[in-house]
Amino acid sequence: MPKIASARVIVTSPGRNFVTLKVVCDDGTTGVGDATLNGRELAVASYLADHVVPCLIGRDAHRIEDIWQYLYKGAYWRRGPVTMAAIAAVDMALWDIKGKVAGLPVYQLLGGASRAGCMVYGHANGETIADTIAAALDYQRQGYKAIRLQCGVPGMASTYGVSKDKYFYEPADAELPTENLWSTAKYLRVVPELFAAAREALGWDVHLLHDVHHRLTPIEAARLGKDLEPYRPFWIEDATPAEDQEAFRLIRQHTTTPLAVGEIFSSIWDCKALIENRLIDYIRATVLHAGGITHMRQIASLADLYHVRTGCHGATDLSPVTMAAALHLGLAIPNFGIQEYMRHSDDTDAVFPHGYRFADGMLHPGDAPGLGVHIDETLAAAHPYRRAYLPVNRLEDGTMWSW
Ligand SMILES: O=C(O)C(=O)C[C@H](O)[C@H](O)CO
Ligand SMILES: [Mg+2]
């Protein structure tokens with residue numbers, strides 16, 4: 001049995017910050033895990049290096065469940081994004097090792113493929129509705145079957161999801177948090193116009209998605225859901241801040257627009273009530289921020305009982321290691337729904353060579369043993385950490401709001 005001989009934390013910034021755990025076994029087998037927590041990266045790096053790595057040395061790398069429970073129960077302080085991202089990194093690395101030792105891709109260890117590939121959605125965004133539609137048409141031409149639409153809000157200098165670059169959206173953009181402004185009234189006017197224009201231009205054979213990014217009250221979210229119903233969105237995401245799980249009941253009572261939530265959840269306890277009460281349709285928790293493949297599989301299994309499908313977070317702050325792990329899980333589980341796919345920059349792809357491939361609107365994790373992703377440590381060292389914060393958001397009168 002491979003024993004864990006060492007583990008190191010690698011912080012690198014090939015255009016944006018990533019924290020990676022590399023576990024090395026006494027037989028030379030290595031595994032990688034992603035521990036990136038956007039804007040708070042060094043907290044997880046320290047949690048791993050100072051508090052987790054010393055506990056790993058000498059352990060049997062095959063005992064994934066036992067090590068998960070050891071780190072979770074052993075911390076005493078349960079849940080939370082820092083703890084769960086650190087546990088996730090260990091978990092991903094151990095699945096990677098198990099796959100390499102077995103000579104099998106991780107999805108085979110999880111039960112084998114349940115589908116040909118994982119349907120993904122790309123991000124179409126633009127300052128104006130016309131710009132956004134043009135970007136969406138571009139994705140459609142590339143074969144995407146699902147597209148997220150975000151456009152600027154007239155009268156607002158900046159809007160969540162709208163970037164200068166056509167493909168890459170990077171909100172962690174400054175050494176101190178950028179201040180954005182927000183108007184719910186202006187936003188609620190423009191989004192239905194965007195969806196009407198999108199159906200006109202793109203037709204009905206493509207799934208359209210939208211991220212509200214935690215900015216509406218429950219009754220405002222209910223209004224948006226109703227207004228979008230004629231355009232049959234695939235989902236609206238994070239319609240209201242989800243620490244108030246009960247709020248989704250109100251939204252649900254008013255609209256048949258499917259609801260997705262969970263990119264900031266760190267455990268099954270954050271979504272248990274949402275799932276069991278059938279208040280959501282898609283769970284967006286990820287292997288990275290929700291405790292790794294082991295815990296995310298548990299969340300997916302619970303969700304499956306209630307017709308809730310996965311729609312895992314996949315923004316650029318989740319490294320290619322997380323993308324690979326998400327694809328192995330997504331390929332295997334019965335209730336996969338969709339996978340977010342915001343492409344990484346060439347610099348990031350070079351630091352993390354990977355085997356997953358896009359074709360026909362889907363990603364496939366590939367058949368290399370383990371996760372099929374590596375870290376080039378020499379290249380990683382050439383991109384030192386740079387402090388970068390996510391923005392904050394204020395109403396026009398200065399009131400602090402959810403970003
Ligand atoms: O991808 C999404 O749906 C997001 O909401 C992106 C988040 O703002 C981003 O990952 C925060 O780190
Ligand atoms: Mg989101």
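**Stop one: the cavities**

By the rule used here, there are three cavities of 30 Å³ or more. A cavity is a set of points, on a 1 Å grid over the protein atoms alone, where a 1.4 Å probe fits but cannot get out, and lining residues have an atom within 4 Å of a point. Volume is the space filled by probe spheres set on the points, with grid points joined across faces, edges and corners. Before you click on: this is a predicted model, where local features need pLDDT of at least 70, side-chain atom pairs count only at pLDDT 80 or more, and totals for chains, interfaces and linings use all residues. Residues are numbered from 1 along each chain as its sequence is written, chains are lettered from A and ligands numbered from 1 in the order in which they are written, and side-chain values use heavy atoms, leaving out hydrogens and water.

Select Q150, T159, Y160, Y187 and H210: of the 14 lining residues, these lie nearest the centre of the largest cavity, which holds about 70 Å³ of space. Helix α6 gives the most to that lining, three residues.

**Stop two: the magnesium ion**

Now pick ligand 2, a magnesium ion coordinated by D211 (OD), E237 (OE) and E263 (OE) at 2.0 to 2.2 Å. Donors here are N, O and S atoms within 2.8 Å of the metal (3.2 Å for Na, K and Ca); water is not among the atoms, so sites may look incomplete. D211 and E237 are both buried (under 20% relative accessible area, 1.4 Å probe, protein chains only).

Methods: Buried means under 20% relative accessible area, exposed over 50%, partly exposed in between (1.4 Å probe, protein chains only). On a 1 Å grid over the protein atoms alone, a cavity is a set of points where a 1.4 Å probe fits but cannot get out, and a pocket is an open set with protein on both sides within 12 Å along at least five of seven lines; lining residues have an atom within 4 Å of a point. Helices (H or I, at least four residues) and strands (E, at least two) are DSSP runs, numbered from the N terminus.
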